[in-house]
Amino acid sequence: MGEHLVNTEVNAERIAAVERCFGPSGHPLAVPGRVLVGEGVLTKMCRKKPKARIFFLFNDVLVYGTVLVYRRRYTGQHLLPLHTVSVEDLPDGESQANRWMIKTRQKSFVVCAATAPEKADWLHHISDCVQRLLQRSGRQPSTQHAAPWIQDSVTDICMRCTHTRFSALVRRHHCRHCGFVVCRSCSKQRLLMPQLSAKPQRVCTLCYGQLVAGANPGPAGQAGQGEGEGDDRDGGRDSDDERAATWSGQQQFFAADRSWSSFHM
């Protein structure tokens, strides 16, 4: 997909424009053979609440970040190599429509498009780019994916012990293996999960027992206990979840019933 745009001036200008928007905090994006396939604003279901995020689909990587000034200034750039990406269609929820999940070994999260045709375009183009990239590289599709984090607002009690109630003094935590919202007592254990971090990560008591015993094939590793490593306070698996929404046009984006995406094919 997009082979006819390789080495063209229009493609180079589009990629340069993305680089300028992210500025010096972003990664260089002008790579030989890279094509910008599409771009747009989507709703990312973050840990605490939905947030508008800018997404750029290239033929080898998916890039997203936070909007400061639409089409002028972005920050918090994240890069997801497409050979690790798969997408899963999801039914509409009570308060979110046009949903799907982006899954990789490092992180998985739900996004929403403003319209159904926009969602269909993203699913089609991402899947097509992944398939073509795998064919060119000879790689096999990724079969291991990180669990998406359940939003804090979903539950007021620990999803493991089911009796600890969260409050201003009792913090929520997330198991890095299953994504459940759990209390401190139910998530004291740590396991080394290399695909997520070089540091041991917080896991709930159930996942810890299964992984250590080998009952659940997954990224089990060195075991530990305590609050020293992999705590939620270090930004967790995705500091983007804690990044403030500073785009003044975000409310307009959420209220608009029109597509905020375009594809260059």
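This report describes the fold, the nonpolar cores and the cysteines of a predicted model.

The chain has 265 residues, of which 48% are buried, and its secondary structure comes to four helices and 13 strands. Of the contacts between residues at least 6 apart in sequence, 58% join residues at least 24 apart. The accessible surface of the chain is about 12,900 Å², and 51% of this area belongs to carbon and sulfur atoms.

In soluble globular proteins, nonpolar side chains tend to be buried together. Here the largest nonpolar core has 21 residues, and those with the most contacts inside it include Phe-55, Leu-57, Leu-62, Trp-100 and Trp-122. At least two residues of this core come from each of β1 (36–45), β2 (50–58), β3 (61–69), β6 (99–103), β7 (108–112) and α2 (116–137), with α2 giving the largest share, seven residues.

| Residue | Relative accessibility | Class |
|---|---|---|
| Cys-129 | 2% | buried |
| Cys-186 | 10% | buried |

Cys-129 counts as buried because its relative accessibility is 2%, and the limit for that class is under 20%. A search of the whole structure finds zero disulfides. Cys-186 is in no disulfide, since the nearest cysteine sulfur, that of Cys-183, is 3.6 Å away, whereas a disulfide needs a pair of sulfur atoms within 2.5 Å.

Key. Residues are numbered from 1 along each chain as its sequence is written. This is a predicted model: local features need pLDDT of at least 70, side-chain atom pairs count only at pLDDT 80 or more; totals for chains, interfaces and linings use all residues. Side-chain values use heavy atoms; hydrogens and water are left out. Buried means under 20% relative accessible area, exposed over 50%, partly exposed in between (1.4 Å probe, protein chains only). Contact means heavy atoms within 4.5 Å. Accessible areas come from the Shrake-Rupley method with a 1.4 Å probe; for residues, only the protein chains shown count as cover. A nonpolar core is a set of buried Ala, Val, Leu, Ile, Met, Phe, Trp, Tyr and Cys residues joined through side-chain atoms within 4.5 Å.
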